[in-house]
Amino acid sequence: MEHLIHFNDFISENRKNKPNTKKAVKKIQKVIVKQGEKIEKETAKAQKLSQSGEVVDKMSATLAKMKVQLAQAEAQKQTVKQNIEIKKGQIRTAKDQAKSGNELEKKAKETKKEEADK
């Protein structure tokens, strides 16, 4: 049971100075939501302007459609960025667990040696 306490202490102790994956993902998610809102707004604008008979309005509709494409590309970029942050967090966790497992084994061996010496 003592080893579990050491393991949890080790994990919490070493995670204090490391990047927080949850915060990074949350921040990226906000950007994705904003891009989604922008896509909806520009799509509505493009539809409204494309129904007009004037040349300037049709050109503006085309511009709005291009802005939609840009917002979609940005949303995809942010989604990939979010997936990267998640993977980085998983890798850090796996490394921490491996490192703590090795340290626990060392401590277990040390305690066995101390008990054997007594």
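This is a predicted model: local features need pLDDT of at least 70, side-chain atom pairs count only at pLDDT 80 or more; totals for chains, interfaces and linings use all residues.

Mentor: A helix here is a DSSP run of H or I that is at least four residues long, and helices are numbered from the N terminus.

Is Ile 28 buried or exposed? Its relative accessibility is 7%, and because buried means under 20% relative accessible area, Ile 28 counts as buried.

The next step is to ask which residues Ile 28 is in contact with once its neighbours within four places in sequence are left aside. They are Gln 78, Lys 81, Gln 82 and Glu 85, and these numbers fall within the residue range of helix α3, which is 55-117. A related distance is the one from Ile 28 to Val 80, where the two residues are 52 apart along the chain and their C-alpha atoms are separated by 9.9 Å.

Two packed helices are described by the angle between their axes and the distance between the axes. For α2 and α3 the angle is about 165°, and the axes lie 8 Å apart. Since angles over 145 degrees count as roughly antiparallel, α2 and α3 are therefore roughly antiparallel to each other. The crossing of these two helices is left-handed, and the residues in the contact of α2 with α3 divide by class into 14 nonpolar, eleven polar and ten charged.

In sequence, Gly 89 is 68 residues from Thr 21, yet in space the two are 5.7 Å apart, taken from C-alpha to C-alpha.

Finally, these details can be set against the whole chain. The protein has three helices and zero strands, which read along the sequence as α-α-α. When contacts between residues at least 6 apart in sequence are considered, 81% of them join residues at least 24 apart. As for the surface, the protein exposes about 9500 Å², of which carbon and sulfur atoms supply 55%.

Methods. Residues are numbered from 1 along each chain as its sequence is written. Side-chain values use heavy atoms; hydrogens and water are left out. Buried means under 20% relative accessible area, exposed over 50%, partly exposed in between (1.4 Å probe, protein chains only). Contact means heavy atoms within 4.5 Å. Axes are lines fitted to C-alpha atoms, for helices over the stretch in contact, and angles run from 0 to 180 degrees between N-to-C directions. Angles under 35 degrees count as roughly parallel, over 145 as roughly antiparallel, 65 to 115 as roughly perpendicular and the rest as oblique. A crossing is left-handed if the near helix is turned anticlockwise from the far one by less than a right angle, and right-handed if clockwise. Ala, Val, Leu, Ile, Met, Phe, Trp, Tyr, Cys and Pro count as nonpolar, Asp, Glu, Lys and Arg as charged, and the others, Gly among them, as polar. Accessible areas come from the Shrake-Rupley method with a 1.4 Å probe; for residues, only the protein chains shown count as cover.
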